[in-house]
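The report below concerns a single protein chain, presented with its sequence and model. Please consult both while reading.

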Amino acid sequence: MVSQPDRLQRPPLRRVQGRSRKRRSRRPRPSPWGLVALLLAGGFLWLSRGWWWPAPPPAQMILVLGGDLAREREAAALAARRGLPVVVSGGSNPEYAHWLFEQRQGLPSHQVQLDYRARDTLSNFTSLVDDLRQARIRHALLVTSSDHMDRALLVGRIVAGSRGIHLTPVPVSCGDSCQPEGRRKVWGDGLRAALWVLSGRDLKDWAAARLPGQLGPAGGH
């Protein structure tokens, strides 16, 4: 004979399963775009920690973005004054660069590094950032034209910031030749930079196909 407590141990299994199925069917499905936005926000905060961490050490090097000879002239003069090493990303031809830095400013050859891997503003940073981290760089002076600085600084702080590298802007006056950049171009490259930090690749073409109107054309120097 089954005792009364044994009869009340649990309801029939069929009834519990039926309730579970019914409850699960009512749950709203999470939006894929919401998950993407959450992932991007969290990834940006964590990977750009070099942007908001405590104050960095004094500047250890100068990073000049090619595209205008005035930037290289300013970087050469700055290197002579500060005694800092210089990396030129995507700059002028080697013959002119060696003349400018070594002969005109008198810098030793080991103080200047020419790098021609960059194709645009994003790759100015992505082509170099891991090399800088391996060299234990935590603070660099960023030299570029004043009308290019907003976009370069946003991209650089995302990409370099993801490696714990702080950037201090050194804008070079562009005078009458200034061409201010629109928000779409600035934030489009900023989004490309965030996607690169999260994926390790430049997803411009992929994002442009799925987010029409959000990304402008590839940013130049």
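Which residues are linked in a network of salt bridges? The network consists of Asp120, Arg151, Glu181, Asp189, Arg192 and Asp202. A salt bridge is taken here as a side-chain nitrogen of Lys or Arg within 4 Å of a carboxyl oxygen of Asp or Glu.

**Basis of the report**

The model is predicted: local features need pLDDT of at least 70, side-chain atom pairs count only at pLDDT 80 or more, and totals for chains, interfaces and linings use all residues. Residues are numbered from 1 along each chain as its sequence is written, and side-chain values use heavy atoms, with hydrogens and water left out.

**Overall composition**

The protein chain contains eleven helices and five strands; these are DSSP runs numbered from the N terminus, helices being H or I with at least four residues and strands being E with at least two. Of the 221 residues in the chain, 39% are buried. Buried means under 20% relative accessible area, exposed means over 50%, and partly exposed lies in between, with a 1.4 Å probe and protein chains only. Of the contacts between residues at least 6 apart in sequence, 77% join residues at least 24 apart, a contact being heavy atoms within 4.5 Å.

**Salt bridges**

By the rule stated above, the chain has nine salt bridges.

| Aspartate 115 | Arginine 117 | 2.7 Å |

In the pair of aspartate 115 and arginine 117, aspartate 115 is buried, with a relative accessible area of 7%, whereas arginine 117 is partly exposed at 43%.

**Helix H5**

Helix H5 spans residues 69-82, a run of 14 residues. From its first C-alpha to its last it reaches 20 Å, close to the 20 Å expected at 1.5 Å a residue; the expected span is 1.5 Å times one less than the number of residues.

Which residues of H5 are buried? They are Arg71, Glu72, Ala75, Ala76, Leu78 and Ala79. These residues lie on the same side of H5 because they cover an arc of only 165 degrees around the axis, the arc being that of the directions from the helix axis to the C-beta atoms. The elements covering them include strand S1 (61-65), strand S2 (86-89), helix H6 (94-104), strand S4 (139-145) and strand S5 (166-172).

At the start of H5, a side-chain oxygen of aspartate 68 comes to within 2.8 Å of the backbone nitrogen of alanine 70. Glycine 83 follows the helix and has a positive phi, near 70 degrees.

**The disulfide**

The structure has one disulfide, defined as a pair of cysteine sulfur atoms within 2.5 Å. Cysteine 174 and cysteine 178 form this link, with their sulfur atoms 1.6 Å apart. The link is right-handed, with 90 degrees about the S-S bond. Cysteine 174 counts as buried at 12% relative accessibility, while cysteine 178 counts as partly exposed at 31%.

**Two buried loop residues**

Histidine 148 is located in the loop between S4 and H9 and is buried, at 2% relative accessibility. Its side chain makes a polar contact of 2.7 Å with the side chain of threonine 144. A polar contact is a pair of N or O atoms within 3.5 Å; within protein, one must be able to donate a hydrogen and the other to accept it, and residues adjacent in sequence count only if both atoms are side-chain atoms.

Alanine 160 is in the loop between H9 and S5 and is buried at 5% relative accessibility. Leaving aside residues up to four places away in sequence, alanine 160 touches Val129, Ile165 and Leu167.
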